[in-house]
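Colleague: I have not worked with this structure before. Could we go through it together, one topic at a time?
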Amino acid sequence: MARGAVLETKFMKIGMAQINPTVGDFDGNCAQIVAAAKKAAVQGAELTVFSEMCLLGYPARDLLEKPAFLEAQDRAIERLRDELRGTPAVIGIVHRRGQGVGRGLFNSCAMIQDGKIIDVGHKSLLPTYDVFDEDRYFQSGSAPLVTTLQRRAGSRMTLGLSICEDCWNDKDFWAQRRYAFDPMEDLVRRGAEVLLNLSASPYSMEKHASKQSMLSAIAKKYERPLIYVNQVGGNDDLVFDGRSMAFNARGEVIACGPAFEDAVTVVDLRAPPVATELEKGHLAVEEEIRRALVLGTRDYARKCGFKSAVLGLSGGIDSAVVAVIAAEAFGPQNVTGVALPSRFNSPESLSDAKDLAQRLGIQFHEVAIEGPFTEIKNALSQVFAGRNEDVTEENMQARIRGVLLMAMSNKFGHLLLTTGNKSELATGYCTLYGDMCGGLAVISDVYKMMVYRLANHLNAMNPANPPIPQSSITKAPTAELRFNQKDQDSLPPYDMLDAILKEAIEHHVSADEIVKQGYDRAIVMKVLRMIDLNEYKRRQGAPGLKISPKAFGTGRRMPIAHRFREY
């Protein structure tokens, strides 16, 4: 194992190319790959390493079942063989094996040099937890790839290639492992001098610190330099944060790519240690979330063909935060905010909405819903005769607003952004076909208390001209669907609610264990009941951007019809 330390005395530069691929955009992805490889070569890189499935875009999901999609990828590989002459590269691809054998596909990496595919390696460990479902599509590789790079000076370098999950199974780092086989250990045993890992590892809060610790531990344990290259950008609900890293044989970071930006970073294996953004303290969790939401919103719109956005502005904190994110993602000139007041809205709410729009420089409209609300109630008056007004009339208002906002989306081609937070979606404090209408739920994975932290962070970024009116932050949260309504009429205080939700949703803690933490049993049972009863709403909601370890969406697969209850 001492060989790893000796290696660092050799002169060798490797390019880490964290690009932002679009699923299925083979021409665009090829162009990014070629440009990045050439940029790295100009900076002296002898090899450029890309991210997992970068040629296709990750995750491609059921497009992988379309033969035409796979054929398009194969044509793109042939193009890359020609265009990467003189710039050796390792790229993430899907490899097809013989018909009728297993699943027929591997999640793979290809070593391209001198216009040829020198070697192809396959991912050994296929994750099936959270948002991952790789066993649905891929056959597991029997062993990771050990290959040789023919260097310019005539010498050779033995490389050990792994793909994402392959490095998440070290027995000395994890107390419990998911798999019996350790691909990284196998690579070292077979003589790899440098360890490479191609990843498409989605962002979630505080994940980067543990990832850096894990990769550092592997490099130090095996006394091998380790190059980790991660995808960047948003694809549907997932946001990838980049942050590619290179470690020396002592486990020290010697180069790192930026967070939430595409970049080519060339590292000399002899380079001294550097401080990461995490170690410098430059990225507080609120700033991480801000960057993730802006990137995820921008890429969702761009990759789906939207150039502008519309959203309802209530004067409250949730719509204010979404508006700030939208203004950065689209440009303020491409964002329209709409106030939709009724008899129940206070004058302060409308003035706060106008103030926010002026501060951001976005377009603003006021469209009253009192007329349509009255007409619908009149239309149903005979049917509802003898019954008191209740949540039915409250939901009517939300659904009128949804109709009007969707009309503006249709008429002008705007992407409608929903403004509900995770606390509301978890408890069903939202209206199906009303405020849940839209194409993207920007903060659906952000708890209410974090929304407050985000709002204060956004204002602190520009203290001379804070974007969010202070009254939007300090006022008691309310849906304003009846007179004197407050969220806390129906919900526990948000600090308590969020803590219970996090335990139940992200940590799967039982009701009894949550109660043992000091929470009132009746409140805990009420919250758990609201989570269960509103699964049907969440199933019909707009896709949301994942920033937590367990978001509503593809990573959480709860049945709607079931009878298991803890309350």
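Predicted model: local features only at pLDDT ≥ 70, side-chain atom pairs only at ≥ 80, totals over all residues.

Colleague: Is Cys256 buried, exposed or partly exposed?

Modeller: Cys256 counts as partly exposed, with a relative accessibility of 28%.

Colleague: And what is the closest cysteine sulfur to that of Cys164?

Modeller: That is the sulfur of Cys167, at 6.6 Å. A disulfide requires two cysteine sulfur atoms within 2.5 Å, so the distance from Cys164 to Cys167 is too far for a bond. Cys164 is buried, its relative accessible area being 6%.

Colleague: How many disulfides does that rule give in the end?

Modeller: The count is zero disulfides.

Colleague: Let us change topic. Where is Asn421 found?

Modeller: Asn421 sits in the loop between strand E18, residues 415–418, and helix H12, residues 422–427.

Colleague: Is Asn421 buried or exposed there?

Modeller: Asn421 is buried, because its relative accessible area is 0%, and the limit for buried is under 20%.

Colleague: What does the side chain of Asn421 reach?

Modeller: The side chain reaches the backbone nitrogen of Glu424, at a distance of 2.9 Å. If neighbours within four places in sequence are set aside, Asn421 is also in contact with Asp318, Ile443, Ser444, Val446, Lys448 and Val451.

Colleague: Which residues line the second largest cavity?

Modeller: Its lining consists of Asp237, Gly544, Lys546, Ala551, Phe552, Gly553, Thr554 and Gly555. By class, two of these residues are nonpolar, four are polar and two are charged.

Colleague: And the pockets? How much space lies in the second largest pocket?

Modeller: The second largest pocket holds about 710 Å³ of space. It is lined by 29 residues, of which Tyr129, Trp168, Trp174, Arg178 and Lys207 are the closest to its centre.

Colleague: How does the lining of that second largest pocket divide by class?

Modeller: The lining of the second largest pocket has 11 nonpolar, seven polar and 11 charged residues.

Note on methods: Residues numbered from 1 in each chain as written. Heavy atoms only, no water. Buried < 20%, exposed > 50% of the residue type's maximum accessible area, 1.4 Å probe, protein only. 1 Å grid on protein atoms, 1.4 Å probe; cavity = no way out; pocket = protein on both sides within 12 Å on 5 of 7 lines; lining within 4 Å. Nonpolar A, V, L, I, M, F, W, Y, C, P; charged D, E, K, R; others polar. Helix = DSSP H or I, 4+ residues; strand = E, 2+ residues; numbered from the N terminus. Polar contact = N/O pair within 3.5 Å; in protein donor to acceptor, adjacent residues only side chain to side chain. Contact = heavy atoms within 4.5 Å. Points joined across faces, edges and corners; volume = space filled by probe spheres on them.
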